Amino acid sequence: MRKRIGIANLIIVAATSVVLQPVLSLSPLPSSSKAHAVGHYQNSELADHAQRFVNQWGGNACHGTGKSASGQCKGFVNCIVYAVSGRSQWPAPGYNSGFQAAGGQEVGRNNTIRGDIIQVGDGGGGTLHTAIILWRHADGAFEVVDSNWSFNEKVQRHKYAPPANARFWRMGQTEKPIIGHLDSVRRAPGGILAQGWSIDQDTASPTDVHLYSGNGELNSSNPGASTYANQYRSDIGSVYPTYGPNHGYRAVVRAKQAGIERVCAYGINVPGTPGSYARLGCKDIHVSPDPYGSVDEVRRVPGGVQVRGWTIDPDTASSIEIHAYGGTGAPSVPTNPMTASTANLERPDLPAHYPDYGTKHGFDVLLPLPSSSQKVCVYAINNSPNSHNPQIGCKSV
Ligand SMILES: [Ca+2]
Ligand SMILES: [Ca+2]
C-alpha cells in the first residue's frame, strides 16, 4: 500500500541535512560509510534537487544545463546528477555502467543513504527503472523521487520496493557532520570567554568557530566573534585520533547587555569540503558590569587606619580605583574622611580564582582618621563612567 507523507516531514528531512544537530559531549566517531564517490557535493543534494521537479515533466531537470533528456526515468536522474555535480558527472550512456563511469560507488541495499540511486535492470531486457532515494521505510522499501513511474514522463514521489536485481549507486560525498562542543563560558575582560572544540569530519584541518551572545542565535542583531579552532586538546586527540589534537577554541565575545546572556558556538565547514555549519552548543551566563572584591583587613596605625584588600572590574584586566571612607562608612564627603587609590598592587593569589585578570588588583592604603570608633567601607570605581560603584566591604575599628 502506498503511503503519502506530508510536506512538513519533507521540510524536516531537508533541514536536518543543512543545520546539523549539536553533539553535547565527547562521543565515539560515527562509523562512516566506505563509499566515497568523486562528486564534490553532499550525496543528499541529489534528493533535495530531484524533489524540486515533482509534478513536472522529467526532462525539465536538464533545463539550463546544456544537456537534454526525455522524461524517462534514467534521463531524469542523469539530469539531476549533471546539475548537482556542477556538470562534472554525466552518467550516460548505459545504466549501471553509466553511473560507474561517472565515478559512482556501488553500495549495498542495506547501506543506502539519502540521495543514493536505485538502478533496476541494465538495458538487456526485462524491467528497467531508475530512482533517487529519499529515505528507507521500516519495511525495507524506499521513499523515492523518479520520473515516468506512472508512464506519463512526470516526476513523482512514492514508496518503492525495488526487486532483488536492483543495484545502488552513490554519486556524491557521504555526509559527515561537523562535531564539537561548547565546554564552558565565563566572564573575562571584554565580555564572555567561550571554550570548546570543533571538528569537520571531512578533514583534519581546523574549522572556524563563530560565537554569538545576546540570545545566541546566528544573526546580526547579536554581538559576534570569530576564531580558529586549532588549539591543542590532548583529550580530543585521544578520542578522535584520525583528526589529531589541534581542534580546541577559546575566544571572547562581547556581551549584548547586562543580565542573562546566552552564548552559542557554531562550527563552520572547512572550505572545499561538503557541509555548511553546525551549532556546537549554547550556555547561559549572568553578566554584570559591576566590580567585585574584598576588604581583607582594617587595622589601627599611627595617624589612622591601614585598609587592605583587592578589587576587579569584570569588564577589564586593568587596575581600577577604590575609595575608602571612614566615619560612618557612607560615601559622603566631606562628612566622612576619604582616601582614593588605584588597586594595582600584586595579588598572586587572585588568578587561581579569576584566571583572566592578572595579578595587579590589590590595595593597601592609609586612611587618616581620629582615634574614635570608625566604620571603614571601600567602594570600587566602575571602569565605565556614570555606572554603579559598588561597596565591596566594611570593617569597624
Ligand atoms: Ca565538511
Ligand atoms: Ca565595569
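This is a short walk through one predicted protein model, from its overall shape down to single residues.

Some housekeeping. The model is predicted, so local features need pLDDT of at least 70, side-chain atom pairs count only at pLDDT 80 or more, and totals for chains, interfaces and linings use all residues. Residues are numbered from 1 along each chain as its sequence is written, while chains are lettered from A and ligands numbered from 1 in the order in which they are written.

Overall shape. The protein has five helices and 23 strands. Helices (H or I, at least four residues) and strands (E, at least two) are DSSP runs, numbered from the N terminus. The radius of gyration is 33 Å, well over the 21 Å that the globule rule gives for 397 residues, so the protein is more spread out than a compact globule. That radius is taken over C-alpha atoms, and the globule rule is 2.2 Å times the number of residues to the power 0.38. Along its principal axes, the C-alpha trace spans about 115 × 40 × 40 Å.

Domains next. Domain 1 covers 33-170, domain 2 covers 178-287 and domain 3 covers 292-396. Those bounds come from an automatic or database domain assignment. The centres of domain 1 and domain 3, taken over C-alpha atoms, are separated by 74 Å.

Let's look at the six-stranded sheet. It is open, its pairing is antiparallel, and the order is S2-S7-S3-S4-S5-S6. Two strands pair if DSSP finds at least two bridges between them. Which strands stand at the edges? Strand S2 (105-107) and strand S6 (155-160) do. Each has a single partner strand, so one side of each is left without a neighbour in the sheet. From one strand to the next, the twist averages 35°.

Inside that sheet, take strand S4 (residues 129-136) and strand S5 (residues 142-147). They pair in the antiparallel sense over four bridges. Ile133 stands opposite Val144 in S5. A reminder on strands: in a regular strand the side chains alternate between the two faces of the sheet.

Now the helices on this sheet. H2 lies across S4, S5 and S6, and runs at about 110° to S4. H3 packs on the sheet too, touching strand S3 (117-120), S4, S5 and S6. The direction of H3 makes about 60° with that of S4. Axes here are lines fitted to C-alpha atoms, for helices over the stretch in contact, and angles run from 0 to 180 degrees between N-to-C directions. Contact means that the C-beta atoms of two residues, placed from the backbone, lie within 7 Å.

H2 and H3 also meet each other. Helix H2 (residues 44-51) packs against helix H3 (residues 73-84) at an angle of about 120°, and their axes are 10 Å apart. From H2 come Glu45, Leu46, His49 and Ala50; from H3 come Ile80, Val81, Ala83 and Val84. How do these contact residues divide? Six are nonpolar, one is polar and one is charged. By this count Ala, Val, Leu, Ile, Met, Phe, Trp, Tyr, Cys and Pro are nonpolar, Asp, Glu, Lys and Arg are charged, and the others, Gly among them, are polar.

On to the four-stranded sheet. It is open and antiparallel, in the order S8-S9-S13-S12. Strand S8 (178-188) and strand S12 (231-232) are the edges, each with a single partner strand, so one side of each lacks a neighbour in the sheet. Ten bridges join S8 to strand S9 (residues 191-200). Ile179 stands opposite Ile199 in S9.

Further along, follow strand S21 (residues 360-368). It pairs with strand S17 (residues 304-312) in the antiparallel sense over seven bridges. There, Gly304 stands opposite Pro368. Strand S20 (residues 345-346) also runs antiparallel to S21, over two bridges. Leu345 stands opposite Gly362.

Last, some backbone details. The peptide bond from Ala92 to Pro93 is cis, with omega near 5°. Pro93 sits in the loop between H3 and helix H4 (96-101). Val333 and Pro334 are also joined by a cis peptide bond, with omega about 5°. Pro334 is in the loop between strand S18 (321-325) and strand S19 (338-342). Finally, Asn148, in the loop between S5 and S6, has a phi near 70°, a positive value in a residue other than glycine.
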